[in-house]
Amino acid sequence: MKYASVTERLKHLGSAKWDLHFRARALAAAGRDILEFTIGEPDVPTPDSLIQAATRAMQAGRTGYSNGRGEPETVAAIARRYAARRGRPIGTDQVICITGTQTALYGILRTLVETGDEVLLGDPLYATYEGLIAQTGATMVPVPLRPEHGFRMQAADVEARITPRTRVLFLNTPHNPTGAVLRREDIAALGEVARKHDLWILSDEVYEDLVFPGVAFTSPLDLPDLAERTVIAASISKSHAAPGFRSGWVIGPSEFISRMLPLSETMLFGAQPFIADMTALAVSEPSPVAAGMTERFARRAAMFFDGLDGVAGLRVHRPEAGMFTLLDVRATGLSGEAFARSLLEEQSVAAMPGESFGSSLGGWLRISLTQDDARVAEAIRRIAVHAARLQGHAA
């Protein structure tokens, strides 16, 4: 029997990158007390106001079919949110509601690229991005995000990798896994490269509401001269602690939206109306949980830095946003994969190997900031013990 070629392109790009997380969950199910710092799950439940809105909508019969673009009230609420935040008109013809950021990115890339095209993407990168690009038949071209630049993408690094086949510059700001936030001048410089080479700019902005104090968020949509080539993906998964509801959206030029809409309709032809009603409420007022998460994640990032930076040769990268910090374990002589696996088996601390997020994070760990402070403190202690033991063996 034959299979479509996309299955070959994706066969090594699925959930295998999360094997350590699954191993940690299996150990926990078997009775071990695992300190889990693997995935970016919000540390609070979905707000009661949103649960109640969804419940009221279901009880009112909002359980039928929707339409391909999304419920009109929700589309309008998202357009108003972006017009207010970006300081310029955003029409409902520039919006598609879709089931989460992942699906949004799938649809956007399907609309923009195909076999033979190239997509420029920062490395490190979120683990699913490579598969999102591969499913289209396009080729991912990694652009190094360097620690000496705070892991912020540099225009010169982008331009050096452009070929006649380049079609899209894929940004993620705030960035997962590094927590880097592109500055306005960064985006202006990247935008100049995109205009020069007639590239689309795709920006995953799901962490916009989790930027730490003292750092300003800028979207490519903030720069009017980039609007015609910019497409945004986001959702309420992080900002409103609602990942299980799978409610996201796409913002782009009206022509792009009209091109993507038939594709979106072939995938699911509309999300659930009761979740759409909840989403309309969520985007129409400030998140009741984002500020608290931001304060806690920033504090825990500082705890990891203060507790581990310089200990047994370890180095800690302090994020500017999001749910993760990065730990450089190369001084131990181990890869990130080997360090993470030995840390799990010997110390019952689960953190993701950097290799799951691109070749440039070999020898690093990505550590979630979503556990409470007491468990963070205990994880710091165990990681320090583990690194000191490895250093002693190396000596």
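Start with the largest nonpolar core, which has 43 residues. A nonpolar core here is a set of buried Ala, Val, Leu, Ile, Met, Phe, Trp, Tyr and Cys residues joined through side-chain atoms within 4.5 Å; buried means under 20% relative accessible area, exposed over 50% and partly exposed in between, with a 1.4 Å probe and protein chains only. Select Phe304, Leu308, Leu327, Leu365 and Ile383, the residues with the most contacts inside this core. Then colour the elements that give two or more residues to it: H2, E1, helix H11 (290–308), E10, H12, E11, E12 and helix H13 (373–394). Helices (H or I, at least four residues) and strands (E, at least two) are DSSP runs, numbered from the N terminus.

Some ground rules before moving on. This is a predicted model, in which local features need pLDDT of at least 70 and side-chain atom pairs count only at pLDDT 80 or more, while totals for chains, interfaces and linings use all residues. Residues are numbered from 1 along each chain as its sequence is written, and side-chain values use heavy atoms, with hydrogens and water left out.

**Phe304 and the second core**

Zoom in on Phe304. Setting aside neighbours within four places in sequence, Phe304 is in contact (heavy atoms within 4.5 Å) with Phe37, Asp309, Val316, Thr325, Ile367, Ser368, Leu369, Val376, Ile380 and Ile383. Now select Leu182, Leu223, Leu361 and Trp364, which are among the members of a second, separate core of 29 residues.

**The open sheet**

Show the strands next. Five of them form an open, mixed sheet in the order E1-E11-E12-E10-E9; two strands pair if DSSP finds at least two bridges between them. Strand E1 (35–37) and strand E9 (315–317) are at the edges with a single partner strand each, so one side of each has no neighbour in the sheet. On average, neighbouring strands are turned by 35° against each other, direction ignored. For such angles, axes are lines fitted to C-alpha atoms, for helices over the stretch in contact, and values run from 0 to 180 degrees between N-to-C directions.

Pick His317 and you'll find Leu326 of E10 opposite.

Helix H12 (residues 336–347) lies across E11 and strand E12 (364–368), at about 170° to E11.

Click on Thr325, in strand E10. Thr325 is buried, at 2% relative accessible area. Its side chain reaches the backbone oxygen of His317 at 2.8 Å. Beyond its neighbours within four places in sequence, the contacts of Thr325 include Phe304, Val316, Leu365 and Ile367.

Jump to Ser219, in the loop between E6 and E7. How accessible is Ser219? Ser219 counts as buried, at 0% relative accessibility. Its side chain meets that of Glu205 in a polar contact of 2.8 Å. (A polar contact is a pair of N or O atoms within 3.5 Å; within protein, one must be able to donate a hydrogen and the other to accept it, and residues adjacent in sequence count only if both atoms are side-chain atoms.) Not counting residues up to four places away in sequence, Ser219 touches Arg86, Ile187, Glu205 and Ile232.

**A wrapped helix**

Select helix H10 (residues 273–283). Nine of the 11 residues of H10 are buried, so the helix is largely enclosed by the rest of the structure. Among the buried ones are Phe274, Ile275, Met278 and Val283. The cover over the buried residues includes helix H3 (48–59), H4 and strand E8 (248–251).

**Salt bridges**

Last stop: the charged pairs. A search of the whole structure finds 35 salt bridges, each a side-chain nitrogen of Lys or Arg within 4 Å of a carboxyl oxygen of Asp or Glu.

- Arg81 and Asp209 meet at 3.6 Å, N to O. They are 128 residues apart, with Arg81 in helix H4 (residues 72–86) and Asp209 in the loop between strand E6 (200–204) and strand E7 (230–235). Arg81 is buried at 10%, and Asp209 is buried at 19%.
- Arg146 and Asp157 meet at 3.1 Å, N to O. Arg146 is partly exposed at 28%, whereas Asp157 is buried at 12%.
- Arg152 and Asp186 have their closest N and O atoms 2.7 Å apart, and both residues are buried.

To finish, select Asp43, Glu295, Arg296, Arg299, Arg300 and Asp373, which salt bridges with shared partners join into one network.
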